[in-house]
Amino acid sequence: MRFFNLPDLGEGIPEADIVEWHIHEGDSVKEDQPMVSVETAKAIVEVPAPCSGVIARLCGQPGDTILTGAPLVEFVSDEENNATVVGKLASDDATDNSDESFIIGAPPGIGEQNTSGDLHNSLHRLAREFQVDVAPVNRSHQPQTVAYPLERPEPLKGVRRHMARTMSQSHACVVPVTLFDDADIDHWPAGEDITIRLIQAIAAACAAEPALNAWFDGASESQQRHETVNLGLAVDSEEGLFVPVLNDVASMSGAEIRQRVNELRAAVKERSLENSALKGATITLSNFGMFAGKYATPVVVPPTVCIIGVGQLREAILSVDGQAVSHKVLPLSLSFDHRAVTGGEATRFLHAMMTQLQN
């Protein structure tokens with residue numbers, strides 16, 4: 001008997017949720033035949049068979065979460081020494097150690113007990129038995145969580161679980177401040193592409209005040225400013241929030257920006273984004289006003305130090321040359337990490353962005 005462990009699906013992804021099995025216990029499979037669809041925090045991935053053989057056991061059911069390096073399939077291989085590129089075949093010792101604790105299932109129900117220390121020790125014992133490398137965790141930086149008794153708990157999966165963890169990390173690490181203002185865009189021609197204008201304005205503001213197009217490492221108290229503006233664009237979906245990246249937006253024409261935005265949104269909808277498309281953002285834009293809301297306090301996600309939120313376009317009464325007039329205004333909310341960015345730098349950035357939008 002051999003175990004095939006869940007391989008590293010890229011970018012050090014720690015786990016994946018089983019979406020659908022394409023095989024059954026007792027089936028004969030061929031090398032590279034798709035075995036299972038799994039969902040990570042970034043995409044749905046097909047995992048192929050590492051070699052030909054007969055499936056002895058499936059180590060999980062749809063909806064289960066499998067840790068990277070934990071058993072996924074047990075089978076009898078045609079070639080006992082066959083290696084694989086996407087995972088590792090582990091020999092079955094005299095005893096069956098394929099403990100299901102590698103599967104992260106639903107939280108315990110009401111009245112059930114779960115000792116976190118025992119679970120932690122069990123996971124590490126199983127990790128040693130299966131020769132899985134479990135990196136130590138610096139718990140001093142982990143936010144405290146409180147358990148609430150839910151009547152029908154449903155564990156978060158995939159993108160939503162990743163979002164929950166990212167928001168917790170931000171809340172624990174960032175010192176956020178948010179500035180609010182309105183850009184008067186009444187002079188814009190009908191049909192103007194708001195997204196393109198916003199991205200171009202952010203690129204211009206980054207050139208005027210580079211401190212916000214940067215990364216900050218709180219542990220080493222160091223920063224890195226970027227010459228290239230790689231914009232993370234928050235995209236809502238039924239599965240959760242994705243933030244694909246438009247690289248080097250300052251060098252792109254309006255038509256190129258629109259084409260790339262359309263491509264990324266389509267890829268989010270189809271869950272076909274490459275891992276690389278979700279990495280490397282130096283600043284972020286969230287156009288939440290497509291749905292509702294004037295202002296917000298967008299969450300800064302490390303290592304970036306700034307996110308711009310855009311509210312719903314509206315009519316407002318303004319004073320122009322001493323006269324009360326009705327103009328179209330675009331509400332802006334700029335959140336920044338005050339550990340790395342001063343108030344002066346943030347206000348200069350916002351002023352440059354508004355000037356670009358209003359000219």
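**Reading the model**

The accessible surface of the protein chain comes to about 19200 Å², and 51% of this area belongs to carbon and sulfur atoms. Accessible areas come from the Shrake-Rupley method with a 1.4 Å probe, and for residues only the protein chains shown count as cover. This is a predicted model, in which local features need pLDDT of at least 70 and side-chain atom pairs count only at pLDDT 80 or more, while totals for chains, interfaces and linings use all residues. Residues are numbered from 1 along each chain as its sequence is written, and side-chain values use heavy atoms, with hydrogens and water left out.

Q: What is the mean pLDDT of the protein chain?
A: pLDDT is the predictor's confidence in each residue, from 0 to 100. The mean here is 83, and 80% of the residues reach 70 or more. Over residues 92-102 the pLDDT is below 50, and this stretch has 27 contacts (heavy atoms within 4.5 Å) in the model beyond near neighbours in sequence. Over residues 104-119 the pLDDT is also below 50, with 13 such contacts. Where pLDDT is low, the predicted coordinates should not be read in detail.

Q: How many helices and strands does the protein chain have?
A: Helices (H or I, at least four residues) and strands (E, at least two) are DSSP runs, numbered from the N terminus. The protein chain has 5 helices and 21 strands. Among its contacts between residues at least 6 apart in sequence, 68% join residues at least 24 apart.

Q: What share of the residues count as buried?
A: Buried means under 20% relative accessible area, exposed over 50%, and partly exposed in between (1.4 Å probe, protein chains only). Of the 359 residues, 42% count as buried.

Q: Which side chains of strand β12 point to one face, and which to the other?
A: In a regular strand the side chains alternate between the two faces of the sheet. Take β12, residues 214-217. A214 and F216 point to one face and are buried.

Q: Which way do β12 and strand β13 run, parallel or antiparallel?
A: Two strands pair if DSSP finds at least two bridges between them. Here 4 bridges join β12 to β13 (residues 222-225), and the strands run antiparallel. A214 has R225 of β13 as its bridge partner. The hairpin has 4 residues between the strands, and E221 takes a positive phi near 50°.

Q: How many salt bridges does a search of the whole structure find?
A: Side chains of opposite charge can pair when their charged atoms come close. A salt bridge is a side-chain nitrogen of Lys or Arg within 4 Å of a carboxyl oxygen of Asp or Glu. The search finds 13. E15, D17, R161 and R165 are linked in a network of them.

Q: Is D337 buried or exposed?
A: D337 is buried, because its relative accessible area is 1%. D337 forms a salt bridge with R339, with the closest N and O atoms 2.7 Å apart. R339 counts as partly exposed, at 33% relative accessibility.
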